[in-house]
Amino acid sequence: MESSKIQQFLEGKTIFITGATGFLAKILVEKILRVQPNAKKLYLLVRASDTKSAQKRFHEEVMQTELFKVLTEKIGAKNLNSLVEEKVFPVAGDISFEDFGIQNSEIKDEMFKEIDIIINSAATTRFDERYDIAMNINVLGAVNILKFAKRCEKVKIIVHVSTAYVCGEGEGVIPEKSFILGETLNKNSYLDIDVERKVIEDKLKELEAQNLTSKEVTIAMKDLGIQRATLHGWPNTYSFTKAMGEMLLGHLKENLQLAIIRPTIITSTYKEPFPGWIEGVKTVDSFIVAYGKGILNFCFGDPNTKIDAIPGDMVVNSILAAVIAHGNQYYSSQESIYHICSSGKNTLKSCDIRLFLFHYFTKNPWINKDGKIIKVGMPRLFSSMDSYQKYISTYYWPLSKVLELVNLLSCRRFDKTYKNLKRKIDMAIRLAELYKPYLLFHGSFDDANTERLRMAMKECNMDDVLSFDPRCIKWEDYFMNTHLPGAVKRIF
């Protein structure tokens, strides 16, 4: 039985999970409740104003999702509700604040005494997030986790979920190595995180003095994030702030056991609790949605670029494997980096996805809200930004300008047509700009540490319960029968 294999490391343990309403955390909570209902407690940090609001948000955004249908069928709705009531404790708080802003001192003291394991999956994953928001969540949030852990009496391990793309636009084999505080990717500057915080503070004061609208402030702060990331060699605010978070964790952890999980592009579940569950538009899904709905039939990227995808349940299994390995002292190292990836062992190329998309949506065309069947052609792929932009400026911008004029002259008779075309152009430009570093990525990720983790699970006969080996994935079958049907059902 699954639970008999996993009980040795989770039974009686109290686990604190941040980012509890996020995609990965939901899969993680479901997995723990399904395979180890004898965990002592799950404290879940939920962004909310009070305990009642946190509980409401947890039940609506986590427990009422389709993800829990397998567990409900397994033990029954009544037993599941009882299990959750007994074991799961949503805590109102915000990772941006010290002690997460938890006001209830009694709850906080209980957490300090009881927590054995901390899993930090809280993050803002928008590539172009406001710099102040990304700094507060991805950087200072990581520090707040560490400060909190140091006040816990018996924490055995912190698992921090980062991203493999902290490497930036790397080439060759990307090693599983930690950052040194102040390190930059362009090697021409020194990264002082206190200076970055001061830059944010000064910019906000400057914007406030200008009496701008909230939208204008947001645009300015997004631009600032990209500017600072570019200055230090990162392609976007997300990867830049996640790298800074890693730096501070490594620098300040002292004697705490720390495992950093660096997944690549996370996709729908491969197997658990059932294939194809996904929530929200992930990296690769932005184009899938636009293509399937007939909004875009062309895209940007090198056809031979390796698209390093990894299913969400495999990422969760790697998190739990790291908890076992480090929590049980299988490894002497106090800090380990794990690339949870597929490119080195099971290559998936951009041109493969292009074919999968064409075949899937030709066979299963999308029907829009008006009942119209959306027919697709083979998506046209441009391997350079110049050719991509030239195509847009040649075929779409002139038509857009003509339609804009005709629309005005005809009292907005062609308003819908004009807006649809403008939306297509804006989306094409935005997707290319945001995902350029990944669509032209020529590196592959070393996963020697991760392979050792897999071997450790095999030695304790847990590789079937905690499977995260990408070699078992048949990409065509996965996309055609799992990921694309799941995306169409849940995010279209």
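Start with the largest pocket of this predicted model, which holds about 1300 Å³ of space. Select Ala123, Thr124, Thr125, Arg126 and Lys282, which lie nearest the centre of the pocket among the 46 residues that line it. Colouring by element then shows where the lining comes from: two or more residues are given by each of α2 (23-35), β2 (41-46), α3 (51-63), α7 (131-150), α10 (237-252), β8 (265-267) and α16 (415-439), and the largest share, 4 residues, belongs to α16. Coloured by class, the lining of this pocket divides into 22 nonpolar, 13 polar and 11 charged residues.

To display the contact, select Phe23, Leu24, Ile27, Leu28, Lys31 and Ile32 on α2, together with Gly312, Asp313, Val315, Val316, Asn317 and Leu320 on α12. These contact residues comprise 8 nonpolar, 2 polar and 2 charged.

At least two lining residues each are supplied by α11 (285-292), β9 (298-300), α13 (350-363) and α16, and α16 gives the most, with 6 residues. The lining of the largest cavity has 19 nonpolar residues, 3 polar and 1 charged.

Finish on α16, which supplies the largest share of the pocket lining and also gives the most to the lining of the largest cavity.

Definitions and conventions:
Residues numbered from 1 in each chain as written. Predicted model: local features only at pLDDT ≥ 70, side-chain atom pairs only at ≥ 80, totals over all residues. Heavy atoms only, no water. 1 Å grid on protein atoms, 1.4 Å probe; cavity = no way out; pocket = protein on both sides within 12 Å on 5 of 7 lines; lining within 4 Å. Points joined across faces, edges and corners; volume = space filled by probe spheres on them. Nonpolar A, V, L, I, M, F, W, Y, C, P; charged D, E, K, R; others polar. Contact = heavy atoms within 4.5 Å.
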